[in-house]
Amino acid sequence: MEVGRKLICRQRQVFFFFFFLGLAQAGSEFRRYSVVEETEGSSFVTNLAKDLGLGQGELSRRGARVISKGNKLYLQLDQETGDLLLNEKLDREELCGQTEPCMLRFQVLLENPLEFFQAELQVIDINDHAPVFMDRHMLLKISESSPPGTKFPLKNAQDMDVGRNNIENYTISPNSYFRVLTRKRSDGRKYPELVLDKVLDREEEPELRLTLTAQDGGSPPRFGTAQVSIEVVDINDNAPEFEPPFYRVQIPEDSPIGYLIVKVSATDIDIGVNGEISYSLFQASEEISKTFEINAMTGEIRLKKKLDFETTQSYEVNIEARDTGSLSGKCTVLTQVMDVNDNAPEVTMSALTRQIPENSPETVVAVFSVSDLDSEENGKISCYIQDDLPFFLKSSMENFYTLVTERPLDRETRAEYNVTITVTDLGTPRLKTEHNITLLVSDVNDNAPAFTQTSYTLSVRENNSPALHIGSVRATDRDAGTNAQVTYSLLPPLDAHVPLASLVSINPDNGHLFALRSLDYEALRAFEFRVSAADRGSPALSSQALVRVLVADDNDNAPFVLYPLQNASAPCTELVPRAAEAGYLVTKVVAVDGDSGQNAWLSYQLLKATEPGLFGVWAHNGEVRTARLLSERDAAKHRLLVLVKDNGEPPLSASVTLHVLLVDGFSQPYLPAPEAEAADVAPAAPLTVYLVVALESVSSLFVFSVLVFVVVRLCRRGGAASVGRCSVPEGHFPGHLVDVSGTGTLSQSYQYEVCLKGGSGTSEFKFLKPIVTNFQGHSPGPDIEETPNFRKDFGFSIQ
């Protein structure tokens with residue numbers, strides 16, 4: 001982030017610098033420096049830090065660098081010392097030719113904050129070239145009739161140096177007839193002119209051999225020589241003459257080879273062979289000889305190679321007309337090259353930032369300059385980019401432009417831009433150059449992870465294996481890179497009583513949720529927790545989602561019989577009067593199942609009975625009723641085995657044994673338990689039978705009296721007049737009430753009184769009767785409500 005802020009600050013400075021620089025320095029002067037040609041590379045030119053008024057090391061901190069036209073750097077900058085050094089040895093003649101002074105323009109760019117300085121480096125000529133004659137052997141034929149003072153122009157020497165190092169004067173070897181004068185043309189070049197001082201006499205001296213010397217003005221001077229051979233001929237006293245002696249022509253630079261430039265013409269008033277004229281280029285430089293050609297007979301000057309206005313704008317061509325008598329006349333053809341729009345504009349990048357942080361304000365993306373080698377309208381330039389991009393161009397000084405963002409960019413909307421900088425000139429036809437820049441928008445952590453759902457509901461069946469994958473959450477982040485890498489974690493539970501750390505875990509990389517231990521539906525049916533998804537940006541962003549886990553019930557609890565109690569030391573015997581009608585309610589098997597739903601739907605079935613067909617069990621509520629009228633022939637004691645089964649898969653079951661005693665109006669004494677009966681295997685002796693009958697008669701009277709007393713008391717308490725109260729004396733064993741509200745498959749809510757039998761040291765259920773009925777369409781399977789004494793009396797609690 002720190003690097004990003006520095007980059008943004010730097011780009012801002014670049015933008016504001018160019019803006020104010022275009023206003024404040026539009027007319028600033030160039031800084032000029034000089035260096036002698038052929039100076040070795042890495043030589044010191046100047047100290048830019050001192051020239052610009054900057055402190056030690058400030059150039060390095062501000063990112064100073066040197067740029068020049070065409071991106072070819074002849075200079076290098078030592079940012080630590082501020083010294084401007086040569087990159088390589090400079091050859092003035094190679095760089096500028098005959099142009100004087102030889103100036104190389106360059107710019108000094110300070111990036112942070114941005115400043116821009118124009119400068120020129122002058123390459124000073126040294127005398128490293130001697131004059132050279134293109135024609136080292138010149139032949140002159142001079143008529144013996146030539147009067148003294150006659151001048152004969154000679155072919156000049158060429159010196160690649162300029163200024164005082166160029167040709168200074170010409171001299172001729174000592175002789176009696178000629179001297180040489182140094183003449184200067186309009187373009188500044190000097191040429192020799194031979195002057196006749198004395199009349200020639202062919203008979204006395206038919207031929208002269210002279211040495212022409214060219215001397216430059218260097219220190220020390222350099223020399224070049226050529227041999228001049230002079231032949232004295234008979235009188236041919238009329239030289240060819242041009243009319244006019246000066247021609248001015250214009251030619252477009254795109255003229256084809258062979259193009260007729262001009263036709264020159266000379267006349268000679270001599271007759272005969274002395275009047276026959278031939279034309280040739282006179283004192284032509286190598287460049288002119290390669291560019292132009294002349295027809296020796298007709299004087300037509302034609303183009304020999306392509307012209308380039310940007311290289312040479314004009315040529316001065318000297319034409320010689322010579323007769324057969326070796327007399328000649330001269331004329332000059334000034335050829336001006338006309339510019340055509342043959343150069344497309346050029347784009348030179350000075351600074352470019354290819355990655356732009358998103359959400360950044362106005363940012364300088366690129367700094368570049370445009371140029372066109374053509375002139376006038378052909379060299380005027382316009383610059384633009386596409387209209388559908390969030391960028392715009394700002395113009396600064398000397399065809400410099402800055403590419404700036406128009407508004408903050410959003411990487412999630414568009415991550416890459418292709419910007420085409422189009423530069424066109426105003427020539428005819430217009431030429432254009434396109435420069436393509438690919439810009440990438442770098443990501444900033446500005447998007448928090450988003451869950452695919454605001455809440456998730458997962459289901460897991462109880463008794464699962466530990467580390468079971470129960471589901472997944474997923475969040476996505478629109479950012480990129482580390483800013484889009486999501487890490488998942490569990491948040492503290494909403495309910496502090498839920499031990500979340502021991503229930504579930506989450507994979508931080510993919511959001512997979514795992515159950516850490518086996519879940520119990522009867523202990524925990526559902527729980528909720530929050531999941532956080534955080535990215536890895538700086539600062540990190542996060543979001544939350546709610547996860548609800550539903551524990552599905554498994555049939556892992558068998559039915560439990562509440563009544564009759566199976567853990568009593570002695571079974572509870574149900575009393576049924578022999579006068580009971582069919583459908584008489586003997587008792588009700590009460591059972592519950594810890595599961596829920598279908599797994600808790602209970603059904604009852606009579607598996608075994610002492611006398612089949614006498615009793616029946618209702619399948620849905622566990623009521624045991626008489627199936628027919630009782631008779632004297634029916635046995636007094638009956639043992640019933642009832643199966644209680646749930647509706648799970650696979651089903652689980654429990655069984656309970658009921659003991660039923662048939663009595664005549666509840667006057668018979670209570671008979672011993674079936675276990676005791678089983679012991680009486682052998683038939684009793686007749687005396688024993690009599691004793692038992694007598695004892696039972698007495699006991700019956702006593703029991704009947706007690707029963708009458710109990711019934712009276714029950715009537716006083718407002719109870720129903722039905723059979724079923726416990727026949728025990730009042731005293732040491734008070735009754736306990738059990739409230740079973742819609743438990744298991746009960747069709748209505750019952751409250752049962754638990755009656756204990758005293759005297760034998762055992763406790764058992766005698767019978768039960770509904771006291772309060774509050775059923776209102778209750779479906780099977782709700783939880784049992786336990787009374788305050790329920791856990792104490794039955795030894796367990798109903799969850």
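Which residues does N156 touch, not counting residues up to four places away in sequence? Select F133, Y170, R185, K190, Y191, P192 and Q283: N156 touches each of them, where contact means heavy atoms within 4.5 Å.

This is a predicted model, in which local features need pLDDT of at least 70, side-chain atom pairs count only at pLDDT 80 or more, and totals for chains, interfaces and linings use all residues. Residues are numbered from 1 along each chain as its sequence is written, and side-chain values use heavy atoms, with hydrogens and water left out.

**Stay on N156.** N156 sits in the loop between strand 10 and strand 11 (157–158). Its relative accessibility is 7%, so N156 counts as buried. Buried means under 20% relative accessible area, exposed over 50%, and partly exposed in between (1.4 Å probe, protein chains only).

**Zoom out.** The protein chain has 9 helices and 53 strands. Helices (H or I, at least four residues) and strands (E, at least two) are DSSP runs, numbered from the N terminus. Of the 799 residues, 43% count as buried. Among contacts between residues at least 6 apart in sequence, 68% join residues at least 24 apart.

**Select the second largest pocket.** Centre on P153, E320, R322, S328 and K330, which lie nearest the pocket's centre among its 36 lining residues. Two or more lining residues come from each of strand 9 (137–143), strand 10 (151–153), strand 21 (277–282), strand 24 (314–323) and strand 25 (328–338). Strand 9 gives the most, with 6 residues. The pocket holds about 740 Å³ of space. A pocket here is an open set of points on a 1 Å grid over the protein atoms alone, where a 1.4 Å probe fits, with protein on both sides within 12 Å along at least five of seven lines; lining residues have an atom within 4 Å of a point. The volume is the space filled by probe spheres set on the points, which are joined across faces, edges and corners.

Show its side chains. Two strands pair if DSSP finds at least two bridges between them. S382 stands opposite T424 in strand 32.

Select its 4 strands in the order 35-42-41-38; the pairing is mixed. Strand 35 (455–461) and strand 38 (486–490) are the edges, each with a single partner strand, so one side of each has no neighbour in the sheet. Inside the sheet, 9 bridges join strand 41 (526–535) to strand 42 (542–552), and these run antiparallel. Find F529: V547 in strand 42 stands opposite.

Most residues other than glycine have a negative phi, and most peptide bonds are trans. Which bond joins S219 and P220? A cis peptide bond, with omega about 0°. P220 is in the loop between strand 15 (207–216) and strand 16 (223–233). T428 and P429 are also joined by a cis peptide bond, omega about -5°. Look for P429 in the loop between strand 32 and strand 33 (432–442).

N359 has a positive phi of about 65° although it is not a glycine. N359 is partly exposed, at 38% relative accessibility. A467, not a glycine either, has a positive phi of about 65°. A467 lies in the loop between strand 35 and strand 36 (468–472) and is exposed, at 54% relative accessibility.
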